[in-house]
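Please look through the model below.

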Amino acid sequence: MKITSDTVQTTKQAKKANSKAKAAEPLIFLVIFIAIFGYLASHMGMSNMMNTLMQTAYHLLLETVFFLMGITVLMGALAGLLTEFGVVQLLEKLLRPLMKPLFNLPGAAALGAVVTFLSDNPAIISLSKNGKFAKYFKTYQLVSLTNFGTAFGMGLVVVVFMMSQGYVGAPLIGVFGAACGCLISTRLMQRFTLKSHPEYDVYTETIAQEESETEAEDEKPGIFMRCLNAMLTGGKNGVDLGMAIIPGVLIISTMVMILTFNTPADQLDGSAYQGVGLLPMLADKINFVFDWLFGFTNSELLAFPMTALGAVGAALGLVPTFAQQGILDGNAVAVCTAIGMCWSGYLSTHAAMLDTMGFRHLISKAIGAHTIAGLCAGIIAHWTYVLFSLL
């Protein structure tokens, strides 16, 4: 290959531009960092701001994280029992007839919905990497499992947590909204993928190495030991999940709370859950949109979907505070359940999931499809709740 002077010149210009971008990056970060915390300090005072950040994180750890961890441990134990005694496989067989007409996925995909609902959205990756599972899928369908599984991620934890706040029907309406969002996200992802990569309309031969599964020949232990082992193993998985949500709850929720909750200037004293009300102030400018779409009568409720973008566990940490403020109602529970399940922290997981599957180039399409679907899930949940309220 002949290298011309123009090629050399173009390469030098590209390197120079890249060097300038790297040099500007820390400056841009410092400007944004100083602007955010400077704004907070100017309204709250430096001492109050620092105390509020630390006190809020501390109270979230004690009052929310450990409560969530308790739920994840119990649900992990339940999931272990359901798996050990074949209930998961039974659910998969019952749901299989719905997969093709609704989601354009083979029946085996139902297992993905069940396992992600019982655990978290990355659980779908372990299935997609299994050759015996992946062989049923065309490549574009296998890719869409990222969106399909995410819409059910941590579903059981979200539903049980919402019910623990005193609501039963509203979370179930939220599950319906999340299922509708899942359908939209999966179909959109398949459409986007086929449009840009029509060559993916073929059955995959095993994207990853097929796992060798050797079943032990030993006799299974008795029912009591199977129950005990399943519960302890599932509970341990729940502890791992509970530990995993700690950074998201403490970091994301603390920042969202301090930007969302509005505390009068004469009451600022560095206590937990105080803030400057910046996000509601901005949302109030277009609150009529969210009132019509989601039925949110209080703009502070928008903190939930914004937090769910990064971590649904962190978003759940906001709910008890909403209840204490008296702004939580059945409609808000239904909408938050739908959005929380459907989005389920997809901004922080989609990139890693698709990268693991070997489809990094489709990350933007997956995120775009899921963003649309999450909004649709909230809208569907709201109007479904309104319809049931009229009956």
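A residue counts as buried when its relative accessible area is under 20%, as exposed when that area is over 50%, and as partly exposed in between. The model is predicted, and the values that follow are computed from it.

F152 has a relative accessibility of 12%, so F152 is classed as buried. F148 is buried as well, because its relative accessibility is 0%. These two rings form an aromatic pair with their centres 5.6 Å apart and their planes at 65 degrees. The pair is edge-to-face because an angle over 60 degrees between planes puts a ring pair in that class. Eight aromatic pairs are found in the structure. Elsewhere in the chain, F29, F33 and F37 are joined into a cluster by ring pairs.

With a relative accessible area of 0%, T193 is buried. Leaving aside residues up to four places away in sequence, T193 is in contact with Y140, V143, P198, Y200 and L362.

The surface has a nonpolar patch of about 750 Å², made by F85, V87, L90, L91, L94, L95, L98, L102 and I223. Helix α3, residues 87-103, supplies the largest share of this patch, seven residues. L90 is one of the patch residues and lies in helix α3. Its relative accessible area is 48%, so L90 is partly exposed: this value falls between the cut-offs of 20% and 50%.

Terms used. Residues numbered from 1 in each chain as written. Predicted model: local features only at pLDDT ≥ 70, side-chain atom pairs only at ≥ 80, totals over all residues. Heavy atoms only, no water. Phe/Tyr/Trp six-rings, centres within 6.5 Å; stacked < 30°, edge-to-face > 60°. Buried < 20%, exposed > 50% of the residue type's maximum accessible area, 1.4 Å probe, protein only. Contact = heavy atoms within 4.5 Å. Patch = residues over 30% accessible without salt bridge, like charges linked within 9 Å, V, L, I, M, F, W, Y side chains within 5 Å. Areas by Shrake-Rupley, 256 points an atom, 1.4 Å probe, with all protein chains shown as cover. Salt bridge = Lys/Arg side-chain N within 4 Å of Asp/Glu carboxyl O. Helix = DSSP H or I, 4+ residues; strand = E, 2+ residues; numbered from the N terminus.
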